[in-house]
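Please have the sequence and the model in view as I talk.

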Amino acid sequence: MSYDSRGYNRSRQDGNSYNRSGGGGGGRFRAYVDDRRGYKRRLSPPRDDEVEDIEVRLRGLIIKIGDKISPELQVNLNKMKNILENDYSKYPDTVQNTLKACIVELPAKAPVYGTLYGLLNVTSHDLVGKLVYLLNDTLKQTVAEGNWAKLKQLLRFYGELANSNVISPTSYCGLVEDLLSVLDEPTQYRRRSDCIIYIILSTLPWSAQEIHKQNAPGLNHIMQRIGSYMDRRPLSPSPEIVRRYKSGNYDNSPRDELHHLWTLIQQLRANDWEFALISRLYRWFEKEFSSALQHEIPRLTLPEHTDELEYIAPESPLRINVDDAGVAASNVPDHNSLEYFVLNDVIVDILRIFEPNRKECGKYLLAVANSFEPGHFRPLNPQSQEKSGDKMDEDEQGWCLPDLLLEVIMSQMLRLPSPPFRQVYYSCILTELCRADTVSFPLALGRTVKVLFERLEDIDIECVYRLSCWFAHHLSNFGFQWDWAAWEHILNLEPDHPQVIFTRETLEKMIRLSYYERVKSLIPDVFYKLIPSQSPAPSFAYQSSDHPLHNAAKGLIENLRAKKSADEIQAILEQFKEEQARRDMPANDQDRMMRELFVQSTLLVGSKSFSHVLNVVERYLDVLRYVNGTPEARLHTVQIIAEFWKENRQFMGILLDKLLNYRIIDPASIISWVFEKQQLDRASNFYAWEILQNTLAKVVARVSQVRGKLESAKATYRENEAARAKQPASEMALAEKQQESDTLRILENSLSTVTRDQKEVFMSVYQKFVQVLQDELAPLPAHTADTQLSWNYLWILGWYRETMRMYYKECSGFLVTLETVVFTEGVNDRIRNVFTDVKTLNSEQTL
């Protein structure tokens with residue numbers, strides 16, 4: 001929970017005064033109580049800073065209660081109850097806001113706070129009534145907003161309230177039945193119904209056992225309704241295009257994740273809802289809870305379905321800790337078990353909730369094991385870890401938390417089509433975990449990297465790319481230290497083998513994040529063949545004094561460095577062109593020579609840094625537009641830049657990006673360059689595809705930008721129209737209305753234009769992909785196995801899959817056109833199958 005960002009800063013001294021022992025530590029309770037008693041003895045009124053200090057301590061106690069499940073927690077819960085009873089009247093906002101934050105932001109501690117509410121309810125029914133009232137308001141607002149992830153957290157907590165007899169099991173079942181009204185809607189959208197069913201099923205392991213004891217008919221009816229839905233719902237395994245392992249060796253067969261969860265819940269039901277992983281803290285106080293009065297909870301009405309609502313669903317785990325047959329190792333729960341689902345669900349929730357604060361996220365991730373019943377996880381023993389090195393002790397009992405955390409985090413980072421958050425977030429989390437746990441977590445991370453490295457041949461190309469980017473960034477935080485010698489065997493593989501490419505691209509990104517000489521000094525000599533022979537530098541075409549245009553380039557560069565005006569530079573270029581014309585050079589060649597001379601000279605003048613090149617480009621934008629007036633000219637400029645910065649791909653990508661922004665070049669020129677033979681023959685190079693993806697992202701962003709402006713203008717128009725309807729008509733009002741209507745019309749026309757441009761760009765990209773892949777497959781027999789295909793073809797196929805997958809939503813509006821024009825019957829099945837999967841991703845199924 002990001003309390004630092006909320007202003008709840010606690011001094012180092014305050015933090016050290018809390019003893020962490022015993023799941024809530026008696027020491028910190030005594031410190032707080034002594035301070036409170038001292039405050040009562042004072043004769044003078046408390047100062048504001050003293051009150052604030054007490055509130056900070058109170059927040060700290062509420063947040064830390066139950067940090068570890070242990071026998072002492074039973075006593076500490078009673079102490080916490082007494083403190084809240086005494087201090088609620090003095091600091092109601094502090095108590096309410098902190099408890100609310102804990103409920104929705106500490107997913108693993110729902111049993112702790114549910115039991116705390118139950119204890120308060122026994123002796124302070126009215127106080128809990130106020131807390132439940134505020135919680136009910138939060139629930140209604142959450143449902144109205146369609147915040148399904150938060151609703152899952154709240155429903156889990158309401159189940160714990162039922163366990164503690166704060167609300168009745170009948171009321172809880174009524175709440176679930178309100179959610180199940182989604183199954184009664186005239187039009188049932190599968191994503192929407194699946195989302196609600198997932199939310200309900202995911203919370204049942206926490207509370208179904210007690211609900212069944214108190215209200216078996218109500219729970220049975222819920223199960224019956226869900227069962228009816230699942231029976232008529234067709235199975236929907238994840239399409240092949242979003243699978244991270246290509247062969248399926250480690251994932252077994254693809255499965256419908258919601259159906260799998262339903263199967264697990266049915267098994268739990270057959271076992272009388274007994275689930276040993278989750279702590280049943282309410283059982284400590286069942287006698288007290290049985291006499292307490294209960295509170296009402298509201299009836300819910302689900303918001304109507306809209307295309308803007310983002311629904312949640314269970315996700316397929318990335319199985320790392322498995323053998324070649326897909327059987328889970330002893331260091332993590334069985335991937336098909338309910339234990340794995342619950343732990344994965346909680347870890348993913350923590351990653352989502354604490355995305356703004358990676359330090360807090362790391363802290364709560366490393367504490368996950370403490371929130372479940374003891375005995376399931378291995379104790380972290382630094383001595384044994386240091387002895388065993390990077391190998392797990394198979395005789396050790398229990399699960400290894402670092403291995404589980406890494407598996408879940410990697411699964412999120414490598415999720416297809418895209419991760420929930422930017423990749424750098426996961427990199428920061430892994431860095432934070434390594435720093436917070438300096439023994440066991442780095443060793444587990446090393447094991448994970450080595451396992452994934454061995455499987456790179458079977459991993460989706462986009463996942464290989466993400467792993468390489470992450471690994472280089474991660475190493476940059478730890479001095480670039482790695483056991484490179486262990487990977488020397490890859491140097492005997494084919495040059496385009498994924499392990500070779502992963503290593504090469506990681507080293508290149510390390511050079512970007514550091515500098516050439518340092519990276520070279522850190523790797524064994526045998527790896528020098530994977531990095532450039534010299535540090536990144538420009539390749540200036542006119543460097544040699546023997547070049548015919550050396551003097552012309554030298555003179556132009558002097559004028560550029562003298563900051564001559566754009567008109568003067570253009571005049572120099574015109575004069576150069578006239579000189580070539582007098583030599584009977586064809587007009588087209590004159591333009592190419594003039595363009596190359598100017599662009600090369602401009603790049604050299606700005607080659608010192610990003611700021612230098614941007615200053616030069618901005619100073620001579622008019623000249624750049626003058627020499628890039630045709631599609632052929634823009635393609636030529638891209639080729640010149642690529643050749644000039646061939647030894648520094650980072651500069652190349654940044655400069656092309658800036659020239660796109662300035663409209664000097666266009667997406668069509670980038671696309672044409674990417675699909676030239678020179679790039680296709682080296683399809684394993686990441687940089688060309690990074691440039692392509694960046695170009696497509698800009699095209700999509702342009703459409704989103706214009707659409708956002710249009711939606712904002714429409715909203716403004718509706719508001720103003722409503723205001724004008726209440727006022728007498730006037731000329732000024734009519735003029736304003738006309739102006740707003742004109743703005744809407746301009747924006748609508750602009751949206752139509754950029755949408756059409758976007759369609760043309762994607763049509764062009766997919767046509768080129770299909771043509772290239774068809775040409776690669778043409779010489780081969782019709783049923784050639786994947787293992788017989790060249791690595792270069794497989795890299796192109798991988799980038800094609802990623803492009804189709806990444807922009808499936810943008811292409812949803814012209815799938816018929818794509819099928820008619822691009823993916824015709826004559827296209828190879830390997831290529832068409834990707835398009836078929838994309839259509840599946842786009843389909844909005846109804847039941």
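This is a predicted model: local features need pLDDT of at least 70, side-chain atom pairs count only at pLDDT 80 or more; totals for chains, interfaces and linings use all residues.

Let me begin with this: is W273 buried or exposed? W273 is buried, with a relative accessible area of 2%, where buried means under 20% relative accessible area, exposed over 50%, and partly exposed in between, with a 1.4 Å probe and protein chains only. Residues are numbered from 1 along each chain as its sequence is written, and side-chain values use heavy atoms, with hydrogens and water left out.

Back to the backbone of W273, then, where phi is near 60 degrees, a positive value in a residue other than glycine. W273 sits in the loop between α12 (257-270) and α13 (286-289); helices here are DSSP runs of H or I with at least four residues, numbered from the N terminus.

D584 also has a positive phi, of about 65 degrees, although it is not a glycine, and its place is in the loop between α24 (566-582) and α25 (587-605). D584, however, is exposed, with a relative accessible area of 70%.

Turning to helix α7, residues 125-145, we have 21 residues reaching 30 Å from the first C-alpha to the last, close to the 30 Å expected at 1.5 Å a residue, the expected span being 1.5 Å times one less than the number of residues. Its buried residues include L127, L131, L135, N136 and T138, and among the elements that cover the buried residues of α7 are α4 (72-87), α6 (110-123) and α8 (148-163), with contact taken as heavy atoms within 4.5 Å. Just after α7, G146 takes a positive phi of about 70 degrees.

Finally, the helix pair: α32 (residues 686-725) and α33 (residues 731-777) pack at about 160 degrees, with their axes 9 Å apart. That makes α32 roughly antiparallel to α33, a term used for angles over 145 degrees. The axes are lines fitted to C-alpha atoms over the stretch in contact, and angles run from 0 to 180 degrees between N-to-C directions.

Methods: Helices (H or I, at least four residues) and strands (E, at least two) are DSSP runs, numbered from the N terminus. Angles under 35 degrees count as roughly parallel, over 145 as roughly antiparallel, 65 to 115 as roughly perpendicular and the rest as oblique.
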